Amino acid sequence: MVKICCIGAGYVGGPTMAMIALKCPDIEVVVVDISKPRIAAWNSDELPIYEPGLDEVVKKCRGKNLFFSTEVEKHVAEADIVFVSVNTPTKTRGLGAGKAADLTYWESAARMIADVSKSDKIVVEKSTVPVKTAEAIEKILTHNNKGINFQILSNPEFLAEGTAIEDLEKPDRVLIGGRTTPEGQKAVAALKAVYAHWVPEDRIITTNLWSAELSKLAANAFLAQRISSINAMSALCESTGADVSEVAYAVGKDSRIGPKFLNASVGFGGSCFQKDILNLVYICECNGLPEVAHYWKQVVSINDYQKTRFVKRVVSSMFNTVSGKKIAILGFAFKKDTGDTRETPAIDVCHGLLGDKAQLSIYDPQVTEDQIKRDLAMNKFDWDHPQHLQPQSPTAFKQVSVVWDAYEACKDAHGICIITEWDEFKKLDYQKLYDNMQKPAFLFDGRNVLNVEEMRKIGFVVYSIGKPLDPWVKDLQVSI
Ligand code: UDX
Ligand code: ADP
């Protein structure tokens, strides 16, 4: 029986290994992590991440051929294939701070693999890493190898949160990069055989190591670029009276462009896009390509602009001050159907409003009060470090309350900001919300989930990204 061990039981490692276990009953899969609470949660009825369909998959395999354990070294030693799916934060200090990937966790995992291995192993890079990381890891492994043969593969994960199970079950493609040597190609074939249990062969792409690593960064950069492109258009739409949804629809009908990923929003979030682009920027700079670096940096700059723009719309519409005013924040996760808040635009929007002394009442169906307060207390880029390194006692939170109901959040509020496109926000009784708010009642839709005309009929002053401006909002705008 082939044995797989995955180091890192996070958003990538957990669901990916669960799917491998489900589709490959002949393979034993053990997911290991240094975090005891995380492993305990994977072994309980309350999984540590919220992902539609994940519970069922885990329940079917756990205890049969899927195991979660903190005995990292033991399971790594026993495995034929070791996936590494640990955190790769953005460096906060030293060379490349604010851009380069911090490979501390990766390096310590690689050294541990070298230490405990007694048999040949295929080591698979699963977390997104800078191009040529595999080469560095290979050096660590081969310089400490005691005669053991290590083959390094890059197998980037393309799943999106909220649809992870669907994405894993029917991937657009699986990408495997390896050395072109006979041993390298043998390792590629071994990993291909795992995925071939359920993925059609023509969807399994094999490349050299660097191409696989770079493809992941490039794919995320292209996706984020589409969002920044439509968000840039949304600003122009607001200034000129066009409707961004109509523009996106018309543009997306061109089969060369396609309709997906053209939803204007308050900004993209998530653990990957910003981090990977900054990484790409850093790699370009290090390779003497400042123009290319500058090009990609703009994707992140427009995203920051979009979040700032949203806050300015809120403040300027409400007579240029939100000081002491209650504002309801509906949604804190970086997208619907996940409880993940990494790099969520909600953090920047809340900081902006808190900076103008607003009183925030936050509701998200999947994010806990503890998480929201920790996020609002954290420094930029700190989120990808273990929790014990993050600030635990938030300081200035008299201005923030977290509630478990949208109606409670909006009661007596001056304004509502929709930050996450949860389906339940489309179905709220907006007349009831309006009746219980201060007047004039403002509604700022950062996800374009509401029918603006209907909301205006109720009486709201409405701002919706990239839509023709409410005369009220238009008259009160400072330049943005
Ligand atoms: C992304 C990639 O899609 C995935 O392939 C990669 O493996 C990891 O990074 P993820 O971050 O989980 O996945 O979610 P994604 O659906 O890509 O959304 C990212 C952000 O963009 C979210 O904040 C989302 O709300 C936003 N978004 C997405 C938009 O604002 N508009 C869109 O049209 C699409
Ligand atoms: P991703 O979204 O890429 O899956 P996460 O932060 O959710 O990232 O998960 C990474 C996991 O890797 C964390 O649970 C962390 O505890 C774990 N981890 C980091 N370093 C090690 C290590 N050396 N050994 C085992 N687990 C590790």
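User: Where in this predicted model is Asp-412 found?

Analyst: Asp-412 is found in the loop that runs between helix 15 (406-410) and strand 12 (415-418), and its phi is positive, at about 65 degrees, although Asp-412 is not a glycine. Most residues other than glycine have a negative phi.

User: Why is Asp-412 called partly exposed?

Analyst: Its relative accessible area is 43%, and the term covers values between the 20% under which a residue is buried and the 50% over which one is exposed, so Asp-412 counts as partly exposed.

User: What makes Lys-132 partly exposed?

Analyst: The relative accessibility of Lys-132 is 40%, and therefore this residue also counts as partly exposed. Lys-132 lies in the loop between strand 5 (121-125) and helix 6 (133-143), with a positive phi near 80 degrees.

User: What makes the peptide bond from Lys-439 to Pro-440 cis?

Analyst: The omega of this bond is near -5 degrees, and the bond is cis; Pro-440 sits in the loop between helix 16 (430-435) and strand 13 (442-445).

User: How do you know that Glu-161 and Arg-342 meet in a salt bridge?

Analyst: The distance from N to O between their side chains is 3.3 Å, and the cut-off for a salt bridge is within 4 Å, so the pair qualifies. Between domain 1 and domain 2 the count is 2 salt bridges.

User: What area is buried between domain 1 and domain 2?

Analyst: About 2,000 Å² is buried between them, with carbon and sulfur atoms giving 53% of that area. In domain 1, Tyr-50, Lys-99 and Glu-161 lose the most area to domain 2, together 33% of what that side buries.

Terms used: Residues are numbered from 1 along each chain as its sequence is written. Chains are lettered from A and ligands numbered from 1 in the order in which they are written. This is a predicted model: local features need pLDDT of at least 70, side-chain atom pairs count only at pLDDT 80 or more; totals for chains, interfaces and linings use all residues. Side-chain values use heavy atoms; hydrogens and water are left out. Buried area is the accessible area (1.4 Å probe) that two parts lose on being put together, summed over both. Helices (H or I, at least four residues) and strands (E, at least two) are DSSP runs, numbered from the N terminus. Buried means under 20% relative accessible area, exposed over 50%, partly exposed in between (1.4 Å probe, protein chains only).
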